[in-house]
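Trainee: I have not worked with this model before, and I would like to go through it with you step by step. Could you show it to me first?

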Amino acid sequence: MNLQSLLAKIDVSADWVGLRYVRENTTFRLVRDKKPEANDRESKEGIMVEVLVDGQFAYYGTTKMDAKSVQAAAERAVVIAKATSQYSIYSFTDKARPVAKGSYQSPFQKELMSPKDLNNLLVKATERLKVSDKIVTTNAMARIVETDSHYVSSNGSDVEQSFLMVSADYAVVAQDGSVTQKRTDGGLLAKSYQTGMEVFDEASILKRCEKIGNEAIELLTAEECPTGSTNLVLAPDQMMLQIHESVGHPLEIDRILGDERNYAGSSFVKLGDFGKLQYGSKLMNITFDPTVEGEFASYAFDDGGDKAKKEFIIKDGILERGLGGAESRERSGLKGVANFRASSFNRAPIDRMANLNLEAGESGFNDIISSVEKGVYMTSNRSWSIDDYRNKFQFGCEYGKLIENGKLTKTVKNPNYRSITNPFWNSLKMVGNTDTFEVYGTPFCGKGEPNQTIRVGHASPTCLFENIEVFGGA
Amino acid sequence: MMEKHFNILSKSIVKSLKDGEHISLSFGGENSQYIRVNNAKIRQTGLVDESDLGFDFIHNNRRVTSSISISGNLDDDLSNVLNEVNRLRDEATQLPEDPYIVMPESDAKSAEKNEGKLLDIAKAADALLPAMQGVDFTGIWSSGKIFAGSANSAGGKHWFETKTFSMDYSLITPSDKMVKATFAGSKWNQADYENYVKDSVSKLEIMNRKPLKIKPGEYRTFIASAGVADILSMFSWGGVGEASIQQGENALGKMRHEGATLSPLFNLSEDFSDGLVPRFNGMGEIAPEKIELIKNGQLINTLISSRTAKEYGLESNFAGEGEGLRSPVMGTGDLDENDVLKSLGTGVYLSNLHYLNWSDMIGGRITGMTRYACFWVESGEIVAPIENMRFDDSLYNFLGENLEAVTSVALVNPDVGTYGGRELSATTCPGILLKAFALTL
């Protein structure tokens, strides 16, 4: 499709016109108990026509991509923009759509894997997961997303980006009488990366499957996680969720400006907090970085044409910068980042967190554990809930270990913890070094009206928090 | 127009099948206007015009599914859908045998079109915005046509088309206290809309009182219909789906395997009698008009898809493949709405809940937050709004022995979700009065 040609043919009275073409194939394969459960491919293809008239942007997202339909879409968008501009929350100019030229390609070594080969691998994975008769369900799944986007605009932007993204998970349910436990490969689809089929390395997967099965069996006879205020050590696959919910969302500037108050919620952070708020302890350094090779939400430009680059969001515990794209930066006057992103051609971009990472510190894993006289180590998220201002959260993990006198001892089941964002991050006592640093992601971050699901990436070392309320199951 | 398009595409696809091949097709799409409002001003606005066609292809005991975007250009779409069938045909040869395949067998046919009266897209802002001036009004206007079709190689064919609108919004005080409301329907009436907004603005007044901070603990609690709808949504996630019970990831397993019960006051059905959502599923199978799931606190039925039925030797009740509730209705009780505060006495009144999740699915324990108009009540009188609180409690407690009363009127809570397109469903439920509810943070 020649998008520049389509753009050139659009004849409307507008201050700015943009076209964003998206084609996305999502392949999902699931094997349960050695039998194929799903072999599915969703293919979406369409264009978002966006216009700026009298300070108001308006869009028309459509699967009709011929020149006549695109012209009609632009005309309808102009009608909408004119009809609504007197009620605009902010009068924009084309500065909100900076001129961008460039391209991006996800890194990968092996682009394709046949349906047959992938099914065979997933069947083998479920065989290996069943380490005992007490394993009652085994699941092995792979989700492969191929996305091509092309953005052109009347002020000269031309950006082509191609993404190859793979998420996979291997999971079991173990049962013994009335006790049921589930174990996955670091949380549901937490192993999500921009990569190729090289991640489906059979030897590595089968080894992990055996561990997953064995840990589920171990949980069947484990004690409940104790209740009380104690030291909490979180593995990177739980830190991912912790960063996402209690750092990423509250720092999205559109939430702070109130756009999300009817749906995802607002934020406890105020516009005046930037540059001042002690968000966490001095060990807390958070970066927004869509340039990390292979992390799930890497890109060269956001969907408004902003060039992606690494920025410190929180430095030495102090809140420095918000997660806001060009529109939010204009509206708030704050510094932001290139995170104006849309889930597809049928949704307008909004502020999303992309890759948001906790920088590594200096402590080794053994240094962290040996520093704790009494505490709990938790890994792999299984439950998440936080309030609409991103204060009071409660998170649960699949697998826990007691820490006693500087050593990991008994396994505990149903480990949960709850706290409030600001005091929690200020209780950050030790941050793991690069040896403990791991990268994760998720395809399923929901936000926006109309609703959008988008991918995010989070990387973190192992961390120690003190005086956190922990507890077990029902 | 899209029905005709779907008919041509589906006939061509079925005609192209070879011996031993079977297919179920599902069509869906929308022509929608969206206006996003923040503080009674327009933040974003636009139109979405899209449709897609889903394929469920079976050959030689292999099954492969897919969906593709439909452009509306017949020549292009015919070429694309036939290419897709060829791709599915090729992929099926590479897959392992699937022992739980269910062939499309239903030759049932149905057609339903609900004509609405919607606002003109160019006039919507002028109709909507003036009524919200003077108050911090934040929300989303969605309006337009939604359509869904189904056809299969056994001769089944269904079409459903409706025009609807919704203004889902929050009213917010300067101290960030909020009231939630949704004005939804299919026939626009300007006066009704303006009166509805006025009525919700009047409810905001009490939210201006200084909020109370209550301590964690167990409280007598009333949860209004919208909050109950949030709780019922959890029954679609490891709840009433048969496959999740069979596979061990389910909160109602205790009811099936250990004889646990909920309160005799709790009744839950899948009930399509209001006609809001189509009764046909992705395979074109038509569910019974009503299935009682939990009756007087006893689990008497689950939602069973034909695939689950085949795997476990059960009888299908033609649930969707995910076995979630498509049209949940909770039974009413005898608590008059006018007596709610008096019956509550001293405790908390919760209008809405937020961000629910299983904190222990097997134990039936749910955590989440209070949100919007939530009050501290003393001796049957509202004292003040409360600061948001986290709850963490088992449904075996709060829908079990702690369920004291159920209100006599069930309200329709429309699903205004738009992740995969505009939703059609609604949850119809009353409010519930609880002897105790655990607030934890």
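Trainee: How far apart do the C-alpha centres of domain 1 of chain A and domain 2 of chain A lie?
Mentor: This is a predicted model, in which local features need pLDDT of at least 70 and side-chain atom pairs count only at pLDDT 80 or more, while totals for chains, interfaces and linings use all residues. Residues are numbered from 1 along each chain as its sequence is written, and chains are lettered from A and ligands numbered from 1 in the order in which they are written. Chain A is divided into domain 1 (3-221) and domain 2 (224-471), with bounds that come from an automatic or database domain assignment. The separation of the C-alpha centres of these two domains of chain A is 21 Å.

Trainee: How many residues of domain 2 of chain A are in contact with domain 1 of chain A?
Mentor: Two residues are in contact if their C-beta atoms, placed from the backbone, lie within 7 Å. By that rule 44 residues of domain 1 of chain A take part, and their partners in domain 2 of chain A number 36 residues.

Trainee: Which element gives the largest share of the side of chain B that touches chain A?
Mentor: The contact between the chains takes 66 residues from chain A and 73 residues from chain B. Helices (H or I, at least four residues) and strands (E, at least two) are DSSP runs, numbered from the N terminus. On the side of chain B that touches chain A, the largest share is 11 residues, and the element that gives them is strand 2 of chain B.

Trainee: In which sense does strand 2 of chain B pair with strand 3 of chain A?
Mentor: Two strands pair if DSSP finds at least two bridges between them, and here strand 3 (residues 56-62) of chain A and strand 2 of chain B have four bridges. Within this region, Gly46(B) in strand 2 of chain B stands opposite Tyr59(A). The sense of the pairing is parallel.

Trainee: Why is helix 5 of chain B said to be largely enclosed by the rest of the structure?
Mentor: A residue is buried if 20 or more other C-beta atoms, placed from the backbone, lie within 10 Å of its own, exposed if 12 or fewer, and partly exposed in between. Buried residues of helix 5 of chain B include Val228(B), Asp230(B) and Leu232(B). Helix 5 (residues 225-233) of chain B is largely enclosed because, of its nine residues, the number buried is eight.
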